[in-house]
Amino acid sequence: MSAIANLLASFPQFLKNNNHSELALFYKPTPENKNLIHSIKQLQQSYRPTFWLANTHVQLMYLELQKKLEKPLVYDHVETLIMADGGKSGLAWYGYNLPASTPTLVILHTLTGSPRSMQNMVRDLHEYTGWRVVVAVRRGHAELEFDPPRFNIFGSTQDLREQLARIEQLFPQTPLYAVGSSAGSGLLIRYLGEEQQNARFKAAFAFCPGYNTDEGFKYCHPLYSKYMAKKLIKTFIEPHQNKLQQLSTLEYLKNAKDLVSFHQKVYEFSGFNSYEDYSDATNPMKVFQQVTCPVMLLNAEDDPVCNIQNLKPYLADIQQMPNIIVVKTRKGSHCAYQQGWHGKSWAHKLMAEYFQVMHKNTV
């Protein structure tokens with residue numbers, strides 16, 4: 001009985017220690033950044049995860065369970081786009097029929113993502129902002145056919161340009177904002193760095209980014225690295241083997257044991273002759289300092305997939321860039337950030353508030 005009593009007595013302290021996540025902010029202290037941070041209420045208080053989801057692995061398991069069990073979101077309009085080389089990408093819209101001048105949030109999805117897997121973010125951002133939301137679906141995702149067989153883990157900036165051209169064709173009056181989630185943040189930053197002042201977004205949010213794609217997978221927890229490599233093979237390699245016979249790296253991809261080994265051999269599938277050429281054309285950190293669009297980045301210290309070690313080499317540069325703000329929390333896991341009894345995403349609220357403040361400041 002005394003042991004049980006001691007356990008119960010220590011429980012409040014357990015919650016205090018494990019359910020409290022102070023925010024650390026990294027940015028250049030310009031008046032604009034100070035005013036922006038002061039205007040975002042989410043940044044004025046600590047992030048406190050749902051107490052029974054304080055463990056990073058439990059958070060991830062709960063997030064995956066949510067995706068499997070929740071009722072599918074019915075998108076207003078889904079279209080397949082034919083890219084310049086004949087490949088297929090897609091757009092899945094929510095709030096499609098809102099007034100033409102309503103802002104549009106473009107979501108760049110995760111490593112094996114789809115409109116189905118991103119529906120919580122879509123629903124939350126639409127609810128919190130009242131804006132139109134569209135998922136920019138990459139090649140091979142959501143059962144899009146590979147024709148021609150071309151695939152990039154992080155997506156193609158050229159495909160994104162063509163998707164944005166379609167969005168602007170449909171809604172020429174809409175201001176555009178963007179969220180890159182996990183792997184999608186790599187595509188987002190790469191696009192912003194390539195386009196510089198010509199980028200189509202007014203502001204952007206990178207959710208649990210991995211930063212340097214040459215190094216990031218090395219720090220991924222072995223369990224998740226193996227799991228995601230298997231998922232990549234099952235989703236993008238095995239169903240399309242008849243179209244991939246010309247790849248000299250096909251057997252390596254089929255037998256990859258983790259993300260590092262898969263990523264090192266995906267260059268040919270992505271249309272490059274070597275890993276070096278692939279890296280030069282896709283690694284977001286090679287163009288990061290050219291980004292001029294305002295960007296907020298969110299990382300958790302307990303992220304087992306995009307390890308916080310990936311951020312450290314860039315903190316000094318970030319604090320010299322007037323358009324970048326990094327928010328770091330102690331808890332949050334990978335793209336989870338559940339809060340409250342129902343496990344709603346704290347991060348989605350932060351995104352929504354950030355975009356609303358940025359939109360107000362630019363109108």
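**Figure 1. Gly 180 in strand β6.** Gly 180 is found in strand β6, where helices (H or I, at least four residues) and strands (E, at least two) are DSSP runs numbered from the N terminus. The model is predicted, local features need pLDDT of at least 70, side-chain atom pairs count only at pLDDT 80 or more, and totals for chains, interfaces and linings use all residues. Residues are numbered from 1 along each chain as its sequence is written, and side-chain values use heavy atoms, with hydrogens and water left out. At 0% relative accessibility, Gly 180 counts as buried; buried means under 20% relative accessible area, exposed over 50% and partly exposed in between (1.4 Å probe, protein chains only). Not counting residues up to four places away in sequence, Gly 180 touches Leu 108, Ser 185, Leu 188, Phe 205, Ala 206 and Phe 207, contact being heavy atoms within 4.5 Å. The C-alpha atoms of Gly 180 and Ile 107 are separated by 6.1 Å, although the two are 73 residues apart along the chain.

**Figure 2. Ser 182, in the loop between β6 (176-181) and α6****.** Ser 182 is not a glycine, yet has a positive phi of about 55 degrees. Its relative accessible area is 10%, so Ser 182 is buried. Ser 182 is also one of the residues touched by Cys 335.

**Figure 3. Cys 335, in the loop between β9 (324-329) and β10 (338-339)****.** Cys 335 counts as buried because its relative accessibility is 12%. With residues up to four places away in sequence not counted, Cys 335 touches Leu 63, Ser 181, Ser 182, Phe 207 and Cys 208. Between the C-alpha atoms of Cys 335 and Thr 80, 255 residues apart along the chain, the separation is 27 Å.

**Figure 4. Contact of helix α5 (residues 157-170) with helix α6 (residues 183-195)****.** The two axes come within 10 Å and cross at roughly 80 degrees; axes are lines fitted to C-alpha atoms, for helices over the stretch in contact, and angles run from 0 to 180 degrees between N-to-C directions. Therefore α5 and α6 are roughly perpendicular to each other (under 35 degrees counts as roughly parallel, over 145 as roughly antiparallel, 65 to 115 as roughly perpendicular and the rest as oblique). On α5 the contact is made by Thr 157, Leu 160, Arg 161 and Leu 164, and on α6 by Leu 187, Arg 190, Tyr 191, Glu 194 and Glu 195. By class, these are 4 nonpolar, 1 polar and 4 charged residues; Ala, Val, Leu, Ile, Met, Phe, Trp, Tyr, Cys and Pro count as nonpolar, Asp, Glu, Lys and Arg as charged, and the others, Gly among them, as polar.

**Figure 5. Asp 159 in helix α5****.** With a relative accessible area of 9%, Asp 159 is buried. Leaving aside neighbours within four places in sequence, Asp 159 is in contact with Met 83 and Arg 139.

**Figure 6. The loop between β5 (132-137) and α5, with Pro 148****.** Asp 147 and Pro 148 are joined by a cis peptide bond, with omega about 5 degrees. The loop also holds Glu 143. Glu 143 has a positive phi of about 65 degrees and is not a glycine. At 79% relative accessibility, Glu 143 counts as exposed.

**Figure 7. Helix α4 (residues 119-129) and the residue just after the helix****.** The buried residues of α4 are Gln 119, Asn 120, Met 121, Val 122, Asp 124, Leu 125 and Thr 129. Just after α4, Gly 130 takes a positive phi of about 80 degrees.

Figure 8. The structure holds 24 aromatic pairs; rings of Phe, Tyr and Trp (its six-membered ring) pair if their centres lie within 6.5 Å, and planes under 30 degrees apart count as stacked, over 60 as edge-to-face and the rest as tilted. Tyr 75 and Tyr 94 form an edge-to-face pair, 6.4 Å centre to centre with 75 degrees between the planes. This pair links distant parts of the chain, 19 residues apart: Tyr 75 is in the loop between α3 (56-69) and β2 (77-82), and Tyr 94 in strand β3 (residues 88-94). Both Tyr 75 and Tyr 94 are buried. Elsewhere, ring pairs link Trp 131, Tyr 177, Phe 205, Tyr 354 and Phe 355 into a cluster. The charged end of Arg 132 sits over the ring of Phe 171, 3.8 Å from its centre, and that of Lys 265 over the ring of Tyr 252, 4.7 Å from its centre. A charge sits over a ring if NZ of Lys or CZ of Arg is within 6 Å of the ring centre and within 35 degrees of the ring normal.
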